[in-house]
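Subject: The two-chain model, with notes

Hello,

Here is the structure I promised to pass on to you. Please have a look at it, and then read on for my notes.

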Amino acid sequence: MSAKRQIRVWTAPIILGVLTSVGLISALVSDDAGDVLAWLTLAAPVAVCCWYAPRRQRSES
Amino acid sequence: MLSATAIRRWYWVHKWTSLVSTLFLLMLCITGLPLIFYHEIDHATGYSIEPPELPGVTSRANLDDIVAAAQARRPDDVVTFVFRDPDEPEAWFVSLAETPSSPESSAFYMYDARTGDFLHEYPLNQGFMNFMFRLHYDMFTGLPGTLFLGLMGLLLAASLVSGTVVYGPFMRKLPFGSVRHERSSRIKWLDLHNLLGIATLMWLMVVGVTGVINTLAIPILGLWQQTEVTSMTAKYKGQPPLKEFSSPDQAVATARATVPDADLSFMAFPGTDFATPHHYIAFMHGSTPLTSKLLTPVLIDAKSGEMIDSRSMPWYVKALLVSQPLHFGDYGGMVLKILWALLDILAIVVLGSGVYLWVKKRNVPVEARLGMLATEGATP
């Protein structure tokens, strides 16, 4: 796999992983703002699943 | 880049760690779903109640009276613990058991912290939620069942790591999030398995690993007892067990004075697994979001009522205490619980689709699959 292709494959998973980690930790260390940040960031993986799962494949670039 | 051999080996790891653990992980995800809302369901079904509103009542009941009243309800049993709940500051909870070291409680009472009135008896070992909890916790088999489920959690971690490694080669020809609905049912479900699996990866890993740490709660607390508590109470060794205990109300007051900016989480009575034969141990939680999850033990001589020692918990107990909210999802309000439930449902789909894919194509080698998928993925 070329470096460019590696980047294309892994960008979204890495972003989702970082967002999830930020959310899991923020609610633990801070109550009000931390909770809201956790809701927003942990909604990201759920939203991604709901957005892509029912969609037909876009044409290959 | 991974060689074909490496991909095949990682795929083998993914397949077998998943196959061995899937049934148990499915059970854990399904039973875990209602457990996220344990508190709300208990209140809705009347298993738990709220203390009554008493405007203007600022009195504080004496804990000694509450403990005596609880004892009088079951004269043959012993009081084992008293608990506080930060969400119910007007309540004291008292548990009793047949003997101090009984593994199961015989009663769990709720008292009004203002008036000392008896409010409620929590029904133990019955009901739908208790059934879900026992399946999730130890499958009704005690510590061996808990440790076995911990092993399944380790297999989940291995399955997630290996699944992530093989995600790369499977996705090299596809944009992120591709779901080929127009292809065969198997390819559509492979795409969904990949999408949902990679999206929930970090959450599943954290819930899985913290679940494994939780399965070690009994060994971890046993280790703390045998090292830290034993060294703090060495001079009491060999003394006869106490017949009467000093005032629990005083013990709580002493503990509060010992640890500033902290409040009682629970206090173990002498002879229980969380205390010693000669001491109360009060477990205090802090007041900041993070320190409220941690506990500081205060040892109190149950004869003289004096404070003996208070040391912060070792790292392995802290790791256990922090891993509990991260597993339960109960630390960020109702919205976090709902997200926890949605992520759990996605995890159930990942597990189910994994089984489906294995049933459908268990005889096709991974190289053939990758080659075939690459061709199919390249078509517009």
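What share of the 380 residues of chain B counts as buried? The figure is 33%. Before going further, please keep in mind that this is a predicted model.

**The two chains**

Chain B contains 12 helices and 8 strands. Its C-alpha trace spans about 80 × 45 × 35 Å along the principal axes. If you take the contacts in chain B between residues at least 6 apart in sequence, 64% of them join residues at least 24 apart.

Chain A has 2 helices and 0 strands. It has 61 residues, and buried ones make up 30% of them.

**Where the chains meet**

On the chain B side, 37 residues are in contact with 34 residues of chain A. Several helices of chain B each supply at least two residues to this side: H5 (143-171), H6 (185-199), H7, H10 (315-328) and H11 (333-361). H11(B) gives the most, with 7 residues. By class, the side of chain B that touches chain A divides into 27 nonpolar, 7 polar and 3 charged residues.

Helix H1 of chain A (residues 3-29) packs with helix H7 of chain B (residues 201-215) at an angle of about 45°, and their axes are 8 Å apart. At that angle the two helices are therefore oblique to each other. From H1(A), the contact is made by A:Pro13, A:Leu16, A:Gly17, A:Thr20, A:Ser21 and A:Leu24. From H7(B), the residues are B:Leu201, B:Met202, B:Trp203 and B:Val206. This contact has 7 nonpolar and 3 polar residues, with no charged ones.

A:Val18 also has its place in helix H1 of chain A. Is A:Val18 buried, exposed or partly exposed? A:Val18 has 13 other C-beta atoms within 10 Å, so it counts as partly exposed. The C-alpha atom of A:Val18 is separated by 9.0 Å from that of A:Thr41, a residue 23 positions apart from it along the chain.

Strand S6 of chain B is mostly covered, with 7 of its 7 residues buried. B:His279, B:Ile281, B:Phe283 and B:His285 point one way from the strand, while B:Tyr280, B:Ala282 and B:Met284 point the other way.

Which strands does S6(B) pair with? S5(B) pairs with S6(B) in the antiparallel sense over 5 bridges, and B:Ala268 stands opposite B:Ile281. S7(B) also runs antiparallel to S6(B), and 7 bridges join the two.

Finally, look at helix H9 of chain B (residues 248-258), where B:Pro248, B:Ala251, B:Val252 and B:Ala255 are buried. Seen down the axis of H9(B), these buried residues fall within an arc of 95°, so they line one face of the helix. They pack against helix H3 (63-73) and against strands S1 (78-83), S5 (263-268), S6 (279-285) and S7 (295-301) of chain B.

With best wishes

Notes
Residues numbered from 1 in each chain as written. Chains lettered and ligands numbered in written order. Predicted model: local features only at pLDDT ≥ 70, side-chain atom pairs only at ≥ 80, totals over all residues. Axes fitted to C-alpha atoms, helices over the stretch in contact; angles between N-to-C directions. Helix = DSSP H or I, 4+ residues; strand = E, 2+ residues; numbered from the N terminus. Parallel < 35°, antiparallel > 145°, perpendicular 65-115°, else oblique. Contact = placed C-beta atoms within 7 Å. Nonpolar A, V, L, I, M, F, W, Y, C, P; charged D, E, K, R; others polar. Buried ≥ 20, exposed ≤ 12 C-beta atoms within 10 Å, placed from the backbone. Arc of directions from axis to C-beta. Pairing = 2+ DSSP bridges.
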